[in-house]
Amino acid sequence: MKIQAALQSATEAFAKAGIESAAVDAEILLAHILNISRGELQAKAIIDSDFEQTEKYQELVEKRAQRIPLQHLTGVAHFRRLTLKVGPGVFVPRPETEVVTQLAVDALRNAGSEEPIAVDLATGSGAIALSLAVEVPNAKVFAIELSDDAMQYTRVNFAELAPDALIVQGDLADAFPELNGQVDVLVSNPPYIPDEMIPIYPEVHLHDPSLALYGGADGLDVVRKVDEAARRLLHAGGTLIIEHADMQGEAVRELLLASGWRQVRTHKDFVGRDRATTALA
Ligand SMILES: C[S@@+](CC[C@H](N)C(=O)[O-])C[C@H]1O[C@@H](n2cnc3c(N)ncnc32)[C@H](O)[C@@H]1O
């Protein structure tokens with residue numbers, strides 16, 4: 001089959017299924033099947049070469065049109081400098097979390113210690129923790145994740161991308177008692193969607209694990225646990241960074257101020273929405 005015809009028919013199928021990034025997804029899936037980069041695929045599309053794996057492409061196109069996440073079909077998610085293994089059972093890292101991670105990278109670089117200590121609570125695929133380990137190589141990075149299903153991916157990503165970073169399985173409330181009062185930067189992207197607010201995208205509400213999404217009636221149950229764990233773990237002057245929903249900035253600031261945090265500030269993501277709140281211990 002010709003590349004251009006295949007891309008066009010996949011794009012139409014995706015647009016009909018309500019996928020906003022229809023043309024991009026069509027290219028990413030075909031590049032994945034041909035085991036080439038998207039740029040190489042676009043070059044081949046210009047000369048409109050043939051490809052042989054038509055059935056395999058059709059199979060993936062049908063799955064994507066059923067709103068199975070693109071990353072579950074390719075098996076990877078790109079996040080900052082990393083290519084992370086993902087699939088059913090683990091939360092697919094989001095572009096807005098790249099902005100949150102930058103806050104943690106900056107805080108870690110400014111920590112003023114030769115080997116600053118960073119902790120990522122609720123690490124999922126390891127996106128934040130592994131970015132810290134790779135981008136701030138003198139840091140000692142610790143991460144915790146509760147879910148058995150997620151941990152299948154977490155362990156592989158840690159082993160491949162940052163074998164010196166420590167990953168443990170457990171509840172973040174009890175994380176790393178041996179580090180009490182010693183941590184420079186504590187970052188978390190916990191579940192924060194209120195239980196009643198079902199996300200609109202089928203990729204999210206049907207395929208991201210519930211444990212990764214929902215945080216109780218106001219969405220802040222796990223944020224409260226992060227607050228408590230962070231007060232135990234950070235040393236005086238250490239930095240806390242919590243990702244939250246765009247409408248939760250004020251609630252998270254109030255929660256942290258009531259717990260005695262200093263310099264509590266909310267930061268926006270690249271589309272100008274409140275996305276993370278930082279504070280000093
Ligand atoms: C929104 S996902 C974020 C994953 C990752 N940090 C990221 O940014 O891509 C939230 C993660 O919190 C984990 N989680 C939920 N409750 C937890 C708890 N009590 N202790 C540790 N991890 C928890 C979920 O399994 C999920 O992996």
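## Asp 50 and Lys 2

Asp 50 counts as exposed at 52% relative accessibility, where exposed means over 50% relative accessible area, buried under 20% and partly exposed in between (1.4 Å probe, protein chains only). Lys 2, at 40% relative accessibility, counts as partly exposed. This is a predicted model, in which local features need pLDDT of at least 70 and side-chain atom pairs count only at pLDDT 80 or more, while totals for chains, interfaces and linings use all residues. Residues are numbered from 1 along each chain as its sequence is written, and side-chain values use heavy atoms, with hydrogens and water left out.

The side chains of Asp 50 and Lys 2 form a salt bridge with an N to O distance of 3.8 Å; the term requires a side-chain nitrogen of Lys or Arg within 4 Å of a carboxyl oxygen of Asp or Glu. Asp 50 sits in the loop between helix H3 (38-46) and helix H4 (54-65), and Lys 2 in the segment before helix H1 (3-16), so the pair ties together parts that are 48 residues apart in sequence. Helices (H or I, at least four residues) and strands (E, at least two) are DSSP runs numbered from the N terminus.

## Other salt bridges

The count of salt bridges comes to 17. One of them joins the side chains of Arg 64 and Asp 25 at 2.9 Å, N to O. This pair links distant parts of the chain, with Arg 64 in helix H4 and Asp 25 in helix H2 (residues 22-34), 39 residues apart. Both Arg 64 and Asp 25 are buried.

Lys 225 forms a salt bridge with Asp 171, and the closest N and O atoms are 2.9 Å apart. Here too distant parts of the chain are linked: Lys 225 is in helix H11 (residues 221-233) and Asp 171 in the loop between strand S5 (166-169) and S6, 54 residues apart. Lys 225 is partly exposed, with a relative accessible area of 34%, and Asp 171 is partly exposed at 25%. Salt bridges that share partners join Asp 25, Arg 64, Arg 67 and Glu 203 into one network.

## Ligand surroundings

There are 18 residues around the ligand, of which Ala 122, Glu 145, Leu 172, Asn 189 and Ala 212 come nearest; a residue is near the ligand if one of its heavy atoms lies within 4 Å of it. The shell divides into nine nonpolar, six polar and three charged residues. In this scheme Ala, Val, Leu, Ile, Met, Phe, Trp, Tyr, Cys and Pro count as nonpolar, Asp, Glu, Lys and Arg as charged, and the others, Gly among them, as polar.

Taken alone the ligand exposes 600 Å², and the protein buries 97% of that. Accessible areas come from the Shrake-Rupley method with a 1.4 Å probe; for residues, only the protein chains shown count as cover.

Ser 188 is in strand S6 (residues 183-188) and is buried, at 0% relative accessibility. The side chain of Ser 188 reaches the backbone oxygen of Leu 121 at 2.8 Å. Apart from neighbours within four places in sequence, Ser 188 is in contact (heavy atoms within 4.5 Å) with residues including Asp 120, Ala 122, Val 226 and Glu 243.

Thr 101 belongs to helix H6 (residues 95-109) and is likewise buried at 0% relative accessibility. With neighbours within four places left aside, Thr 101 is in contact with Phe 79, Arg 80, Ile 128, Ser 131 and Leu 132.

## Tyr 201

Tyr 201 lies in the loop between S6 and helix H9 (202-207) and is partly exposed at 36% relative accessibility. Tyr 201 and Gly 18 are 183 residues apart in sequence and 9.6 Å apart in space, C-alpha to C-alpha.

Not counting residues up to four places away in sequence, Tyr 201 touches Glu 20 and Arg 67. The side chains of Tyr 201 and Glu 20 are joined by a polar contact of 3.1 Å. A polar contact is a pair of N or O atoms within 3.5 Å; within protein, one must be able to donate a hydrogen and the other to accept it, and residues adjacent in sequence count only if both atoms are side-chain atoms.

## Positive phi

Most residues other than glycine have a negative phi. Asn 35, not a glycine, has a positive phi of about 60°. Asn 35 is placed in the loop between H2 and H3 and is exposed, with a relative accessible area of 71%. Asp 48 also has a positive phi, of about 50°, and is in the loop between H3 and H4.
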